[in-house]
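Thanks for coming. I will go through a few regions of one model, with the cut-offs as I go.

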Amino acid sequence: MKNNIWKNGIMGVITGDALGCPVQFLSREQVARNPVTGMRGYGTFHLPAGSWTDDGSLTMAALVSILEKKCVDPEDIMDRFVRWLNDGEYTPFGESFDNGRATTESIFRYIRTHDVRTCGGRGASDNGNGSLMRIMPVCLYAFTMQRAGKMTDEEAVALIHCISGLTHNHLRAKIACGLYFFMVREILTDSTNTPKERTLAECLQAGLDAGFAFYEKDPAILEELRCYDRLRDLAAFENVPVSKIRGSGYVVAALEAAVWSLLQEDSFEDALLTAVNLGEDTDTVAAIAGGLAGLFYGYSQIPSKWLCVIQRRDWIESVCDETNAASENGFGA
């Protein structure tokens, strides 16, 4: 059976989201009083174990859109985001919750204008992690298109920026999604080797190197790119003390926290526990880290004791399987 990159990545996102859900918004000090050691329920949203939040819902909305449209269609994705917000589609229990301000405002703008080019927030205050947390399906789509020789780097990044911009249209948030794509691509490129030729840290560094090199070609981007300078040298970044890492909703901090957590550990389970125990925006930092960890370690390394409680797991995995089959067929091309 071929490696199912969609199940690896998407289930990594969903599992991280669910792991962090019960301690969402708690400070590091509060989490430390009762550290997260596994999947548990209730807490912040008083939901059973395995419940995932807006991160997983918007990820699944984008994934289902890609599966049904056989492409990345911004209007269709936004239409599904509307149904998520208003009707509770793509959620564990039929109701949206933990809805971010920037995402909600963007959806309301889209309802009024039906313009995917202008609905996303463009201000400095719109640099939350709400597009990064749901960008995995688009990264996987771009990878499969590049693997088939049907998409250039410029086209891939433009697509990822477009889908980030549906809700987070500031360049800083778009760059985070772009850097994430390059890390995804390097992990997937390495996963074709048996055994793997590089460590996760080496894959992440190679992806970031490629991402920085891509963005540095445009002088107009350099000022925003400097926001991510701590990620240029992961050997140094790995040794940054935890006191200098913030698991906040700010997109730069969230990406840093996710990468830092991955560098500290050598397993899916330990990396995600590290991410969640940073506190603050626990579900999203773990979702961002979980996507990358899922791609590198594989679905089989996600603890079965966590998977068995994931809400609507069968549905999520069936969508992943169908999307994998569609991608192997070139999305019907």
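Helices here are DSSP runs of H or I with at least four residues, numbered from the N terminus. This is a predicted model, in which local features need pLDDT of at least 70 and side-chain atom pairs count only at pLDDT 80 or more, while totals for chains, interfaces and linings use all residues. Residues are numbered from 1 along each chain as its sequence is written, and side-chain values use heavy atoms, with hydrogens and water left out.

Back to helix 6 itself, residues 136-147. Its 12 residues reach 16 Å from first C-alpha to last, close to the expected 16 Å at 1.5 Å a residue; the expected span is 1.5 Å times one less than the number of residues. Of those 12 residues, 11 are buried. Buried means under 20% relative accessible area, exposed means over 50%, and partly exposed is in between, with a 1.4 Å probe and protein chains only. Among the buried ones are Cys139, Tyr141 and Phe143. What do they pack against? The partners are helices 1, 3, 7, 8, 14 and 16, where contact means heavy atoms within 4.5 Å.

Next, the cysteines. The structure holds zero disulfides, a disulfide being a pair of cysteine sulfur atoms within 2.5 Å. Cysteine 320 is in none, as the nearest cysteine sulfur, that of cysteine 139, is 15 Å away. Cysteine 320 is buried, at 0% relative accessible area. For cysteine 162, the closest cysteine sulfur is in cysteine 119 at 9.0 Å, too far for a bond. Cysteine 162 is partly exposed, at 30%.

Then alanine 258, in helix 12, residues 251-264. Alanine 258 is buried, with 0% relative accessibility. Valine 285 is 27 residues away from alanine 258 in sequence, but the C-alpha to C-alpha distance is 5.4 Å. Setting aside neighbours within four places in sequence, alanine 258 contacts Val285, Ile288 and Ala289.

Last, the largest pocket. A pocket is an open set of points on a 1 Å grid over the protein atoms alone, where a 1.4 Å probe fits, with protein on both sides within 12 Å along at least five of seven lines; lining residues have an atom within 4 Å of a point. The largest pocket holds about 340 Å³ of space. Its lining has 22 residues, and Gly100, Arg101, Asn129, Gly249 and Asp281 are closest to the centre. Helix 5, residues 101-113, gives the largest share of that lining, three residues.

Key: Points joined across faces, edges and corners; volume = space filled by probe spheres on them. Helix = DSSP H or I, 4+ residues; strand = E, 2+ residues; numbered from the N terminus.
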